[in-house]
Amino acid sequence: MKNVFFLFFLFVVFFAKSSFALVEIDITRGNLNPLPIAVSPLYVESKSSEVLKELEVGSEIAKIIETNLSRSGLFSPLEKDSFVQKPDIAHLKPRFEDWKLIKAQALITGKVNITSEKLRIEFRLWDVLAAKEIMALAFTTVPDNWRRVAHIITDKIYKRLTGEDGYFDTRIIYVAEKGPKNQRIKKLAIMDQDGKNTKYLTLGNELVLTPRFNPTNQMVTYMSYFRNLPRVYLLDIETGVQEVVGEFPGMTFAPRFSPDGKKIIMSFAKDGNSDIFTMNLETRVVERITEHPAIDTSPSYSPDGKYICFNSDRSGYQQIYVMRSDGSDVKRITFGQGIYGTPVWSPRGDLIAFTKMYKNRFYIGVMRIDGSGERLLTENYYQEAPSWSPNGRVLIFYRETKSGSQGEGFSATLWSIDLTGYNERLVETLTDASDPSWSSLLSK
Amino acid sequence: MVLGNSIRSILLLIMAAIILSACAAKTTKKVGDYSISQISGDTYTGDETVKYLATGVPDRVFFATNKSILTTASRDTLRKQAAWLRENKNINITVEGHCDERGTREYNLALGERRANAAKDYLMTYGISGNRISVISYGKERPVNAGSGPLAWSQNRRSVTVKAN
């Protein structure tokens with residue numbers, strides 16, 4: 001018996017060792033060992049006289065890739081001081097033994113050609129242990145776009161090594177906040193997912209809440225108190241033009257787009273009661289989806305557009321319900337202890353993320369679409385409103401701190417956490433922030 | 001011997017009475033810096049944040065957590081508001097609905113709306129025309145007390161009547 005076990009052990013070790021030949025990461029497991037990866041600064045082939053500026057681009061692109069990969073929690077970028085090969089030589093033919101020595105399992109090298117009109121970026125992904133190139137791609141674009149190319153390259157690398165779509169060429173829309181706690185100034189803000197390129201889309205003269213992207217990431221729907229009339233609005237990110245959605249004779253709020261981008265789904269409050277409605281943006285036809293004396297809000301479509309999950313207190317307290325997109329077949333899916341809110345359907349279609357409140361603590365969690373398999377990912381004094389990354393693997397949400405009796409010490413911040421419950425981290429913003437929402441991949 | 005037993009029983013009874021009355025003497029509790037004596041049935045009953053539309057007419061009513069039910073005190077306040085509105089027929093009002101910070105943002109917008117409408121409906125049953133009353137919910141966006149604790153939260157769960165013209 002012992003011999004069999006010993007043989008089996010050898011068998012496993014042998015095969016386990018050979019599986020390292022092709023570097024791969026399984027992101028569904030918890031408690032991973034981040035993959036040691038070396039990101040060599042991109043070598044710049046200079047044809048113009050602005051040599052210094054171009055040299056910066058090469059290392060800046062590498063830095064973005066490195067920071068992205070590190071922030072995913074799946075990769076451990078190695079210190080550049082230990083790199084033995086220079087970027088130009090490494091890009092042509094890496095001396096794998098040198099890279100193995102510093103414990104790299106994967107290597108990224110690249111080359112940049114930049115003129116005043118054009119930027120060409122080439123990169124290669126190498127499997128150090130197998131000593132071979134596993135990916136080589138080139139991108140041509142305008143020089144201003146260099147950050148986006150770095151994010152797109154990260155997505156390519158991430159996909160090649162994990163098998164999953166990445167989430168790095170994306171933006172986050174959120175509410176930038178400041179001022180005393182009882183008189184907050186709020187503006188719509190948009191930034192790259194790495195916190196850079198922040199732009200403000202409104203001036204802060206009226207309260208704005210809960211912004212969400214449309215599927216093409218060109219429009220935003222949100223709620224505004226413009227002229228002291230709380231309503232759902234539509235904003236064109238490019239032109240800045242804002243328009244109120246529909247002509248509702250009362251407050252509309254909690255808006256989202258349908259997966260095909262043709263409708264906005266939202267709550268409409270009449271005579272104290274809030275029900276869910278949709279409006280077709282083209283035909284302007286308004287459809288009632290729920291009809292119940294209880295509060296119905298926070299609607300979110302399944303990615304195939306066939307179902308809607310929403311928040312209702314029809315059973316006495318906030319719970320999560322699922323119904324067909326025409327409003328039929330309403331089923332409650334939360335039966336656990338505590339109360340549930342802000343349901344949001346994963347872009348993968350398999351899970352619903354939510355906020356849970358229990359014994360004066362707040363939780364961000366996920367559950368299967370029938371309500372089973374509830375998993376709480378993080379607990380806090382106050383946090384809510386998760387939003388999914390486009391690959392359905394990461395959630396972004398916001399937290400508020402407890403404050404003193406005059407509101408001192410209050411802050412609102414954005415946080416992200418992996419579906420596994422690991423890699424909880426602060427998402428840096430220029431100001432206090434709340435109500436984050438993740439775009440889909442910009443390059444799709 | 002019987003008498004001795006009776007005296008002992010009486011003494012025990014007296015001791016018990018003294019101990020019990022000592023417990024009953026406590027009517028306010030202190031939690032942190034806040035006195036909970038201003039909250040009853042999870043509803044604020046104090047007047048720290050109350051303003052007045054006219055002499056003797058408070059401008060606001062308060063609610064328990066997650067609720068939009070009007071307490072006896074709330075109905076009393078609203079009857080006074082209705083009387084004042086009947087005397088001043090040219091005044092229109094806006095009723096604001098508010099929530100504390102311990103809830104999700106979107107649901108709180110709906111709950112604020114429900115609270116404001118509860119107050120509006122009650123005013124209407126006392127003869128005030130719905131045309132004179134508009135409603136706005138601020139959810140949890142405009143707390144009157146910026147603190148974090150049961151007292152602040154109870155002061156923020158409110159419906160406030162504001163002159164509109």
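This is a predicted model: local features need pLDDT of at least 70, side-chain atom pairs count only at pLDDT 80 or more; totals for chains, interfaces and linings use all residues.

**Confidence before anything else**

For chain A as a whole I found an average pLDDT of 91, with 91% of the residues scoring at least 70.

**Two domains**

Next I looked up how chain A is divided. I found domain 1 at 15–162 and domain 2 at 171–438. Taken over C-alpha atoms, the centres of domain 1 and domain 2 of chain A are separated by 36 Å.

How many residues of domain 1 of chain A are in contact with domain 2 of chain A? I noted seven residues of domain 1, which are in contact with nine residues of domain 2. On the domain 1 side, helix H2 (residues 51–71) of chain A gives the largest share, three residues. Sorted by class, I wrote down two nonpolar, four polar and one charged residues for that side of domain 1.

I then followed strand S5 (residues 119–127) of chain A. Is S5 mostly covered or mostly open? I found S5 mostly covered, with seven of its nine residues buried.

I looked up the pairing of S5(A) with two other strands. Strand S4 (residues 106–114) of chain A pairs with S5(A) in the antiparallel sense over nine bridges. One pair I looked up there is A:Ala106, which stands opposite A:Asp127 in S5(A). A hairpin of four residues takes the chain from S4(A) to S5(A).

With strand S6 (residues 132–141) of chain A, S5(A) also pairs in the antiparallel sense, over nine bridges. Here I picked A:Arg124, whose bridge partner in S6(A) is A:Ala136. The hairpin of S5(A) and S6(A) has four residues between the strands, and in it A:Ala131 takes a positive phi near 55 degrees.

**The sheet S10 to S13**

I moved on to an open sheet of four strands of chain A, in the order S10-S11-S12-S13, with antiparallel pairing. Which strands are at the edges? I found strand S10 (208–213) and strand S13 (242–244) of chain A there, each pairing on one side only. From one strand to the next, the twist averages 25 degrees.

I zoomed in on S10(A) and S11(A), which pair in the antiparallel sense over four bridges. In this pair A:Arg212 stands opposite A:Thr221 in S11(A).

**Two loops with positive phi**

The loop between strand S11 (219–224) and strand S12 (231–236) of chain A holds A:Arg227. I looked up phi of A:Arg227 and got a value near 55 degrees, positive in a residue other than glycine. Is A:Arg227 buried or exposed? A:Arg227 counts as exposed because it has 9 C-beta neighbours inside 10 Å.

Phi of A:Asp271 is near 50 degrees, a positive value in a residue other than glycine. With 13 C-beta neighbours inside 10 Å, A:Asp271 counts as partly exposed.

**The sheet S26 to S29**

I noted another open sheet of four strands in chain A, in the order S26-S27-S28-S29, with antiparallel pairing. S26 and strand S29 (425–427) of chain A are the edge strands, and each pairs on one side only. The twist averages 35 degrees from one strand to the next.

Within this sheet I followed S26(A) and strand S27 (residues 394–400) of chain A, which pair in the antiparallel sense over four bridges. I noted A:Leu395 in S27(A) as the bridge partner of A:Trp388.

**Where chain A meets chain B**

Last, I turned to the contact between the chains. I counted 33 residues from chain A and 22 residues from chain B in the contact. Which strands of chain A each supply at least two residues of the side that touches chain B? I listed S10, strand S14 (252–257), S15, strand S18 (296–301), strand S22 (339–345) and strand S26 (383–388). By class, I wrote down 11 nonpolar, 18 polar and four charged residues for the side of chain A that touches chain B.

Conventions
Residues are numbered from 1 along each chain as its sequence is written. Chains are lettered from A and ligands numbered from 1 in the order in which they are written. Domain bounds come from an automatic or database domain assignment. Two residues are in contact if their C-beta atoms, placed from the backbone, lie within 7 Å. Ala, Val, Leu, Ile, Met, Phe, Trp, Tyr, Cys and Pro count as nonpolar, Asp, Glu, Lys and Arg as charged, and the others, Gly among them, as polar. pLDDT is the predictor's confidence in each residue, from 0 to 100. A residue is buried if 20 or more other C-beta atoms lie within 10 Å of its own, exposed if 12 or fewer, and partly exposed in between; C-beta atoms are placed from the backbone. Two strands pair if DSSP finds at least two bridges between them. Axes are lines fitted to C-alpha atoms, for helices over the stretch in contact, and angles run from 0 to 180 degrees between N-to-C directions.
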